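Reader: I'd like to walk through this fold with you, one feature at a time. Where shall we start?

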Amino acid sequence: MTNTAPTTDLDRVIGFTIPGRHTRGRVARLGPVLDEILSAHAYPEQIERLLAEALTLTALLGSTLKQAEGQMTLQAQTQGGIVSLLVCDYKNGELRGYVQFDALRLSQLGKNPSLFALFHKGHLAITFDQATTKERYQGIVPLDAGSLAEAAQSYFLQSEQIPSLVRLGARRDRETGKWIGGGLFLQHLPEGEAGRERLHVRLDHPEWQHVEALGSTMGVDELADAAIPLESLVWRLFNEEEEVRVLSGADLARGCRCDPAYITEVLAKFPEEERAAMADEAGVIAVDCVFCSKKFPVKLADFVPPPL
């Protein structure tokens, strides 16, 4: 395995496989992308950290899509939680995210609230939309784990019956004060396709247990350290393995799809009388994007539906 990564490694995700252990993995690190997304809102630090970890998880899982135009969505909803809604999605290397929360109740918590304190009773939905086949795969797990990483692990174990390890971390850079998020995603490859028993029916999986133990040693200080190339993180963990295949990396960017043409397309789906009901006294529909906080005033008098 050769090291070809930049000296400052941010907004990138790479994949790798360990053939001798029947394992595949992903490592991601976000920097300026987080700053762009978070700067659109005046989130408190607790919410910024939560969204930074959620976006890192979205990058890890979304980058597994084989089709460029496919979309992966992570959505957490709660009943009575301080955070009522968290949404992130990934499409063709582009990320966006948003959090809806009760600011007053959040102010009564400390700096590092637990996942339960933020979400109370809720669930996490992870959805993969395939671009070519138009198929949708969704799994839902309760948010009763200690972290988003543990909730994601439960998703893969319950929905795909594949043992997985997810490590997430986010911290502020000591020099710039801006957020950096890092994540590690490991999975044991299923073995049932070739006629052998599937991994999950066994009582012990020595190959996976070895990889899981190594992956569990990776902490936020390394994951969120921009000076450590992603390839070096993989090397640190698995340098004693006989073979580790590192796949080409993918760049990550902030991507919000709320341009005027898209807004016009969405409004055109509503009947004329409903568009009129949306407008204010001046005949203007005020469209706000919750992801990037941009406002799009649309005058009914100038509205022209796009051609079919």
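Author: Let's start with a single side chain, keeping in mind that this is a predicted model. Burial is read from relative accessibility, and under 20% counts as buried. Phe-128 comes out at 9%, so it counts as buried.

Reader: Which element is Phe-128 found in, and what does Phe-128 touch?

Author: Phe-128 sits in strand β6, residues 121-129. Leaving aside residues up to four places away in sequence, Phe-128 touches Leu-61, Thr-64, Leu-65, Gln-71, Met-72, Glu-135, Arg-136, Tyr-137 and Tyr-155. Have a look at Gly-70 too: 58 residues separate Gly-70 from Phe-128 along the chain, yet their C-alpha atoms are 7.5 Å apart.

Reader: On to the nonpolar core. Which residues of the largest one touch the most other members?

Author: The general idea goes like this: in soluble globular proteins, nonpolar side chains tend to be buried together. Here the largest nonpolar core has 65 residues, and Leu-86, Leu-95 and Phe-119 touch the most other members. Helix α2, residues 45-62, supplies the largest share of this core, with ten residues. Apart from that core lies another, of 18 residues, including Ile-18, Trp-208, Leu-233 and Phe-238.

Reader: Let's zoom in on Leu-95. What does Leu-95 touch?

Author: Again not counting residues up to four places away in sequence, the contacts of Leu-95 include Leu-30, Val-33, Ile-37, Leu-55, Thr-58 and Ala-59. Asp-89 and Tyr-90 are also among them, as are Leu-252, Ala-253, Arg-254 and Gly-255.

Reader: And the cysteines? How many disulfides are there?

Author: A disulfide is a covalent bond between the sulfur atoms of two cysteines. In this model the count comes to zero. Take Cys-88: the nearest cysteine sulfur belongs to Cys-256 and is 12 Å away. The cut-off for a disulfide is 2.5 Å.

Reader: Last one: the largest pocket. What is its volume, and which residues lie nearest its centre?

Author: The volume of the largest pocket is about 570 Å³. Its lining has 18 residues, with Arg-24, Thr-64, Leu-65, Lys-66 and Gln-187 nearest the centre. The elements giving two or more residues to that lining are β1 (12-18), β2 (23-30), α5 (148-159) and β9 (179-188). By type, the lining residues are eight nonpolar, six polar and four charged.

Methods: Residues numbered from 1 in each chain as written. Predicted model: local features only at pLDDT ≥ 70, side-chain atom pairs only at ≥ 80, totals over all residues. Heavy atoms only, no water. Core = buried A, V, L, I, M, F, W, Y, C linked by side-chain atoms within 4.5 Å. Buried < 20%, exposed > 50% of the residue type's maximum accessible area, 1.4 Å probe, protein only. Helix = DSSP H or I, 4+ residues; strand = E, 2+ residues; numbered from the N terminus. Contact = heavy atoms within 4.5 Å. 1 Å grid on protein atoms, 1.4 Å probe; cavity = no way out; pocket = protein on both sides within 12 Å on 5 of 7 lines; lining within 4 Å. Points joined across faces, edges and corners; volume = space filled by probe spheres on them. Nonpolar A, V, L, I, M, F, W, Y, C, P; charged D, E, K, R; others polar.
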